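Please open the model in your viewer and keep the selection panel at hand. The stops below go from whole chains to single residues.

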Amino acid sequence: MTASTTGPVRSPGQRRSTTSPGPETSSTTGPVRAARRRRSTTSRQNVAGWLFVGPFGIIFLALLVVPIGYALYLSLFQKRLIGGTKFVFLDNYLKAFSDPSFVDGVWFVIRFSLVLIPIQMAISLAIALILDTVTSKFARFSRLMIFLPYAIPTVIGALMWGFLYSKNFGPIADTFAAFGATGPDFLSNNMIFYGLMNVVTWQWAGYYMIILYAALQGIDSSLYEAARIDGASQWQIIRRIKIPLVTPALVLILVFALIGTLQFFNEPQILQQLAAGAIPNDFTPNMYAYQQAFTLANSNYSSTISFALGAVVFICVYIFMFATRKRGNFLS
Amino acid sequence: MSATHIERRRARRTPGHIALHLALALLVIYFLIPFWWVIVNSSKDSAALFGGTSALWFAPENSYVENLKQLFTYNGGLYGRWLANSALYAFAGGIGATVLAVLAGYGFAKYTFVGRRAGFAILLGAVMVPATALVIPTFILFSQMGLTNTIWSVILPTLLNPFGVFLMSLYARDVVPDELLDAARMDGAGEFRTFVKVALPLMRPAIVTVLLLSVVSSWNNYFLPLTMLVDNRLFPVTVGIGLWQSTASTYGAAGTNLFSLVILGSLVSIIPLIIAFLSLQRYWRGGLTVGALK
C-alpha cells in the first residue's frame, strides 16, 4: 500500500543522489521534498483511516469492550448483607461451577449441541446436495421455501411450533386421536428436548443449506465431468468431490451453530409458559443469567455466569477447532 | 419439438429425479406447516380454535376481519404501537449500523494506518462473539447509567455489527480500484469527497445487503429488548407477543380470547419480513454466502 502511493517518488536516480550529492542544488532538495511528501502521505493515510474507522471504533469500545470489562470487574465482587460489597476474587466462579443450576444448564446446552448440530448439518447438507443435483422450477421454489424460516423471528418460530405441539389446538394430538392413539407431547418433561430440537432445526436448516448450496455451486463442474469419464458414480462424486470441497464452509457454519446453541435462550424462554413445568428458570445458562440479573438484580453473580458461559463456549470452540484442524478449517 | 429434444427430456426424468422431487415436496411441506397453521387458525374465533374444528383447516365461519379489528384495538391499540416501535428500532438501529459498517469497512480496506492490522484482527475475533452473549453485560452497564427502559437501550447495542464491517471491507477491497481513488485525489478531491463520489456508488450492492441484514436482525431481536424494557408501551412486537402469549397461557381459559390475538399478531408481524425477503432475495444470498465462498 505505502509502496504504491510513494512509488513514483522513490526512483533509483534519487536514491543515488542521496548517497552521493551532485553539484546541482536541486538534486539535494529532491530527496528532502520526497521524504516530506512521503511523511505527509502516510500521516494523511493515518488520519483519514482513523476518521473512517473511528465511529465504529467508539461504538465497539462503548458497547463491547466496556460492558465486557465491567462485567468481568463485577464478577470479582460480592454484595453481602453485612459489610457491603467486597472483593472476593474468583469466589463467584467457584460458586458458579459448583452451582447445580449453572452446571446442569451447561451440560444441557452441551448435550443439546452434540445431538442437534450433527443432525442439523446432515439435513442441511442433504438438502443442498439435492438442490445441487435437481434443476427445475420446483427445486428453485423449494430452495426459497426451505430458507423462509430464517426470516422469521425465533420468537414467532418457537410460538408457531408451540401451537402445533399444543394438546388444545395442535394437529399432532388430533391426527393421532383419529387413529385412536395418543400423540407424543413435545412439551412434556421427557420430550421437550426433541421439541426444542425440531424448532431450532426448522429455523436454521435453510440458512445453513443456502451457505452449503452456494459452496456447491462454486465448484468447477469440469471436475464432475472428469470424474464421470473415469467411471465415477453419482454417489462417488458426492463423497469424493462435493463433500470434501464444501468442508471449509461446513466447518465454518458448525462453529457458528455451536456458539449460537451454547447461548440458547429465545426458544426455551418462549416455550416455558406453554410447556408447563418442563422448562425451569435455570434451563440454560443464559436463562439463569437473565433470572439473576433481571428478577433478582444480582449483577455480580449474573456477570459471573455470563463470563463462565463465555469461557465454556471458548473451550468448546477450541476443542472443536483442534479436532477439525486437519480438515482445512477457515482459521488455518 | 425435435426427437432428440424429447429424448433428452425423457432421460432427465429418471426415477432418481422423481424420488428427489418427492423428497423436496415433503421437505417443503414440513417447512411450511407452521405458516399454514398460523394462516388457518388466525381466521378462527376462540370458540372455533378450542372447539372441534380441524387444526389444519379453516372453520366454516371466517373471523379474519373481526380478529383484525380486535388485534388493533385491544388494550388501547397497543399492538399498533408495538409494530411502530419495531419499525423504529429496526430502522434506526439498522441504518446506524450500516453507516458505521460502510465507513469502517472502507477505512480498513483502503487505508494503511497505525493499528490497522491489530484492529482488523480484533474485528475478526468480535465476529465470533454472538450478540446474545453481550446482552446481560450491556444490561448491567446500562442499568448503572440509568439507560434501561429507554429506546436508546435497544437502539444503541444494535449499532454494533462487526460482521457488517467485515463484509463491507471484503467488498470494498474487491470492487473499489485504488487507481480510481488516486485519480480523484489528483483532481483535488478530499478524502471524504472521494469516498462519497467514487467508492459509495461502487459499494451499493453490499450496502443494501448489510442494511437488509441488520434491519431484519434488529426486527427479530428478542433477548435484548426483553431484558432492557419494562414499560410495555416501549416493547417491540416480538416482546409484546411473547408477553400476550405468556399471559394467555397463565390465565388458561380466561385468556383464550388472547390466543386468537397472539396467532393473528404473529402472522401480521411476519408479513413485512416475508415481503422484504421475497422481493430482495438476491441481496440476502449475496450477504449470507460471502463467508462460505471466501
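**Before selecting**

This is a predicted model, in which local features need pLDDT of at least 70 and side-chain atom pairs count only at pLDDT 80 or more, while totals for chains, interfaces and linings use all residues. Residues are numbered from 1 along each chain as its sequence is written, and chains are lettered from A and ligands numbered from 1 in the order in which they are written.

**The two chains**

Select chain A and colour by secondary structure: there are 14 helices and 2 strands, where helices (H or I, at least four residues) and strands (E, at least two) are DSSP runs numbered from the N terminus. Of its 332 residues, 38% count as buried; a residue is buried if 20 or more other C-beta atoms, placed from the backbone, lie within 10 Å of its own, exposed if 12 or fewer, and partly exposed in between. Now select chain B, which has 15 helices and 0 strands, and in which 43% of the 294 residues count as buried. Two residues are in contact if their C-beta atoms, placed from the backbone, lie within 7 Å. Among contacts in chain B between residues at least 6 apart in sequence, 71% join residues at least 24 apart.

**Where the chains meet**

Show both chains together: 75 residues from chain B and 77 residues from chain A take part in the contact. On the side of chain B that touches chain A, helix 2 (residues 15-41) of chain B gives the largest share, 13 residues. That side divides into 50 nonpolar, 21 polar and 4 charged residues, with Ala, Val, Leu, Ile, Met, Phe, Trp, Tyr, Cys and Pro counted as nonpolar, Asp, Glu, Lys and Arg as charged, and the others, Gly among them, as polar.

While helix 2 of chain B is on screen, pick B:Trp36, which is found in this helix. B:Trp36 is partly exposed, because 15 other C-beta atoms lie within 10 Å. The C-alpha atom of B:Trp36 is separated by 9.0 Å from that of B:Trp57, 21 residues apart along the chain.

Leaving aside residues up to four places away in sequence, B:Met168 touches B:Ala101, B:Val102, B:Gly105, B:Tyr106, B:Ala206 and B:Val210.

**A helix pair in chain B**

Next select helix 9 (residues 178-186) and helix 10 (residues 191-202) of chain B, which pack at an angle of about 135 degrees with their axes 10 Å apart. The contact is made by B:Leu180, B:Leu181, B:Ala184 and B:Arg185 of helix 9 of chain B and by B:Thr194, B:Lys197 and B:Val198 of helix 10 of chain B. By class, this contact has 4 nonpolar, 1 polar and 2 charged residues.

**Two positive phi angles**

Finish with A:Phe89, which has a positive phi of about 55 degrees although it is not a glycine. A:Phe89 lies in the loop between strand 2 (84-87) and helix 4 (91-97) of chain A, and counts as exposed because it has 11 C-beta neighbours inside 10 Å. B:Asn75, also not a glycine, has a positive phi of about 55 degrees, but its place is in helix 4 (residues 64-110) of chain B.

Terms used
Axes are lines fitted to C-alpha atoms, for helices over the stretch in contact, and angles run from 0 to 180 degrees between N-to-C directions.
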